[in-house]
Amino acid sequence: MDILTTLQALNTCHSPSGEEGSVAERIQALAAPFADEISTDIMGNLIVRRKGDGPRIMFAAHMDSVGGMVTYVEESGLLRFGKVGGLHPACLPATPVRFRNGTRGVIAADASADPKALKLEDLYVDIGAVDRADALSKICPGDTMVYGTSSFQTGDRLVSPYLDDRIGCVVLLMAMERLQKSSNDLYFVFTTQEEVGLRGARTAAFAVESTYAVAVDVTAVDDVPGTRHAGSSVLGKGAAVKVMDRSVLCHPMMVQMLTRSGREHGIPVQRDIIQAGGSDAGAIHQSRTGVYTGGISVPCRYIHTPQEMVDVRDVEACAALAAAFAGMPLEN
Ligand SMILES: [Zn+2]
């Protein structure tokens, strides 16, 4: 499975939170050769099962991306918008965007706005409409947009929108592909609406009812200027085994087992501790009477901006670690 090609295929889908249908379809086609059963649920989660007699493990990666939703169309034809998930206003001006129906545009800021303290209300999207009627012939309030930026590789690094968390989806697909035999009952769940509060993972975890769970997502890094050690992981040092984020304190046994599993298979691992930002692990570990939950994270720079960055060697390590854990003998 070529990482960049798969990532690009997923990113051509228009799938911000709540509209994951097209990316789910694409992932389903890629997962089908490795699956015993595939189902979807009301929330739109895509649930791919590799049957086994052993304990049940749920792997989760979220399919949705952040985006914007049109709230108002100005007389001039310019669009005002709100956020779907976390957007940083300062990173948005001059970003190309696209809508589900193919309409394209660019984000700009009011000339009167203070560039040092940009708020979402200061921004608008220009789709090239000449007036409100022209804009409304293409777009209506409630329509969503995603970044129209591109994906490319430079050295060992991938630069792309929506590595959060399409790269996690790629990691799960790679893990399924490389997984040999496992007696564990494996559920690879591609979840919805993570960016607006881990909503899909909550219902999926209830349905799957697993003993163990691993959330695969990107994590903020400590290797860019000014991070002040709020996080712990760095690009190129391997799969980051989650200890905590704002939504979860991972079960110590999971941290230990994932770390050991990496060591036994010669996979580079590092620790993932972040203060801000959550993951599907946050919803899953509290499901029913509790689930032994951990996380495998891909260190990622510039999260939620139009161009995020990861290291392909970390992506490989995460896939290897997920496959190793999936094949690990576990107790029920
Ligand atoms: Zn994410």
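Which residues line the largest cavity? Hi everyone, let's start there. This is a predicted model, so please keep that in mind as we go through it together.

A search of the whole structure turns up one cavity of 30 Å³ or more. The volume of the largest cavity is about 50 Å³. Around it sit Gly67, Gly68, Phe81, Leu87, Leu92, Val97, Ile107, Met145, Val146, Tyr147 and Tyr162. Two elements give two or more residues each to that lining, namely β4 (67-73) and β9 (144-147). Strand β9 gives the most, with three residues. If you sort the lining by class, you get nine nonpolar, two polar and no charged residues.

Now for the largest pocket. It holds about 780 Å³ of space. There are 34 lining residues, and those closest to the centre of the pocket are Ala276, Gly277, Gly278, Ile303 and His304. Strand β13, which covers residues 212-220, gives the most to this lining, with four residues. By class, the pocket lining has 13 nonpolar, 14 polar and seven charged residues.

What is the order of its three strands? It is β10-β11-β18, in an open sheet with antiparallel pairing. The edge strands are β10 (152-154) and β18 (308-311), each of them pairing on one side only. On average, neighbouring strands here are turned by 30 degrees against each other, ignoring direction.

Let's walk across that sheet. Between β10 and β11 there are three bridges, and the two strands run antiparallel. Phenylalanine 152 has valine 159 in β11 as its bridge partner. The hairpin of β10 and β11 has two residues between the strands, and in it glycine 155 takes a positive phi near 60 degrees. On we go to the other pairing: four bridges join β11 (residues 157-160) to β18, again antiparallel. Valine 159 turns up here too, standing opposite methionine 309 in β18. Serine 160 has glutamate 308 of β18 as its bridge partner.

Two helices lie across strands of this sheet. Helix α4, residues 163-178, lies across β11 and β18 and runs at about 30 degrees to β18. Helix α8, residues 312-326, lies across β10, β11 and β18, and its angle to β18 is about 65 degrees.

Let me also show you a helix pair. Helix α1 (residues 3-11) packs with helix α2 (residues 21-31) at an angle of about 145 degrees, and their axes are 9 Å apart. On the α1 side, the contact is made by Thr6, Ala9 and Leu10, and on the α2 side by Val23, Arg26, Ile27 and Leu30. By class, that contact has five nonpolar, one polar and one charged residues.

One last stop: proline 89. You will find it in the loop between β5 (79-84) and β6 (96-99). Is proline 89 buried or exposed? Its relative accessible area is 19%, and the cut-off for buried is under 20%, so proline 89 counts as buried. Leaving aside residues up to four places away in sequence, proline 89 touches Leu118, Lys119, Leu120 and Leu123. As for threonine 219, it is 130 residues from proline 89 in sequence, and the two are 20 Å apart in space, C-alpha to C-alpha.

Methods. Residues are numbered from 1 along each chain as its sequence is written. This is a predicted model: local features need pLDDT of at least 70, side-chain atom pairs count only at pLDDT 80 or more; totals for chains, interfaces and linings use all residues. Side-chain values use heavy atoms; hydrogens and water are left out. Axes are lines fitted to C-alpha atoms, for helices over the stretch in contact, and angles run from 0 to 180 degrees between N-to-C directions. Contact means heavy atoms within 4.5 Å. Ala, Val, Leu, Ile, Met, Phe, Trp, Tyr, Cys and Pro count as nonpolar, Asp, Glu, Lys and Arg as charged, and the others, Gly among them, as polar. Buried means under 20% relative accessible area, exposed over 50%, partly exposed in between (1.4 Å probe, protein chains only). Two strands pair if DSSP finds at least two bridges between them. On a 1 Å grid over the protein atoms alone, a cavity is a set of points where a 1.4 Å probe fits but cannot get out, and a pocket is an open set with protein on both sides within 12 Å along at least five of seven lines; lining residues have an atom within 4 Å of a point. Grid points are joined across faces, edges and corners, and a volume is the space filled by probe spheres set on the points.
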